[in-house]
Amino acid sequence: MSEDHIFPSQEEKEKKTLPKGDEEGVQAFRDCFSRLKKEIAKVVVGQEETLRFLLVSLFCRGHTLLVGVPGLAKTLLIQTLSEALDLSFSRIQFTPDLMPSDILGSETLDKDRQLRFSLGPIFSNVVLADEINRTPPKTQAALLEAMQEKQVTLGGKRHPLPLPFFVLATQNPIEQEGTYPLPEAQLDRFMMLIRLDYPSLDEEIQVIKNTTSDRHVQVQVVLSKEEISFFQDLIRRVPVTDHVLEYAVRLVHATRPGSSLRKKITEDYIQWGAGPRASQSLIMGAKCHALWEGRTSPDIEDARAVAVAVLRHRIVKNFKATAENIQEEDIIKELC
């Protein structure tokens, strides 16, 4: 692809459309998106919305937090995704005795008595942080730099992480004894929080059929690292009209009790609103959602489509909302 196609002309900027060379990439993106969903569906039954948001987050270079009761195939979904993308994968089981060095790695003396850095499991393309809320804040915080800067600093030295890099974390919402809720600063690093629900009757019947027989499925590689990077760059080049950009920012401002754009539901039920990362994630998610729908520029409906997943973990409800059993999703849908 030539540089003329990579960088939009002034005329193309004014029209808010992709350069002609990138328009071909939109169809390729849709095809790959569909192939990924089809390949993962060989192993994981149902969870279509979960998979869609997971792929949106991935193509936007975001991290994802999956919340669901045990047995909903959260780990299997992430493992299958890494196989379909031909990416290196590591699973970290978060426990109360896990230390930062167990994640990041440590410096050790080799046989020549020289310090050598031993890479931890964080040095993978896809990192599954299983039950991330079961480890103390000190260890949870070890992920912050990696998630934001795509690097690890130990002993004053910076160690870049392999790209692409994704942290996909899981949480169990029903067992809270012996857990350490993620601080707001770390929750904000996750582009999306996806809630997994129980499968339908037909889906669960299919799951039982698949898992109680000798059926074996081989997952085919759909995308390479280079192709993933191309589509990630393509999404960043997607133009956004001013009214869509303003809508996303105004929506985030409406979640803040002290904002002039707040609504009555904000004052009634929200203690703290979302920050600027939410606006960034809304726009990036809207861009990816638009491409998946075959459009070269997002509209307001694209922003609304990803709003709940982007905002639900970034707003803090007050006591009144908890007492009246008002959910984050209810508040966000009202604000949209």
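In this predicted model, strand S5 (residues 126-130) and strand S8 (residues 166-171) run parallel and are joined by 4 bridges. Within this pair, Ala129 stands opposite Ala169 in S8.

- Strands S5 and S8 are part of an open sheet of 5 strands, whose order is S2-S5-S8-S1-S9 and whose pairing is parallel.
- The edges of this sheet are formed by strand S2 (89-93) and strand S9 (192-195), each of which pairs on one side only.
- From one strand to the next, the twist averages 20 degrees.
- As a general point, the strands of a sheet pair through backbone hydrogen bonds, and they may do so in either a parallel or an antiparallel way.

**A helix against the sheet**

- Helix H4 (residues 48-59) packs on the sheet, where it touches strand S1 (64-67) as well as S8 and S9.
- The direction of helix H4 makes about 165 degrees with that of S9.

- Thr255 is found in the loop that lies between helix H12 (242-253) and helix H13 (264-269).
- Thr255 has a relative accessible area of 0%, and because buried means under 20% relative accessible area, this residue counts as buried.
- The side chain of Thr255 reaches the backbone oxygen of Val252, at 2.6 Å.
- Leaving aside residues up to four places away in sequence, Thr255 touches Thr266, Ile270, Trp272, Gly273, Ala274, Ile315 and Leu335.

Terms used:
Residues are numbered from 1 along each chain as its sequence is written. This is a predicted model: local features need pLDDT of at least 70, side-chain atom pairs count only at pLDDT 80 or more; totals for chains, interfaces and linings use all residues. Side-chain values use heavy atoms; hydrogens and water are left out. Helices (H or I, at least four residues) and strands (E, at least two) are DSSP runs, numbered from the N terminus. Buried means under 20% relative accessible area, exposed over 50%, partly exposed in between (1.4 Å probe, protein chains only). A polar contact is a pair of N or O atoms within 3.5 Å; within protein, one must be able to donate a hydrogen and the other to accept it, and residues adjacent in sequence count only if both atoms are side-chain atoms. Contact means heavy atoms within 4.5 Å. Two strands pair if DSSP finds at least two bridges between them. Axes are lines fitted to C-alpha atoms, for helices over the stretch in contact, and angles run from 0 to 180 degrees between N-to-C directions.
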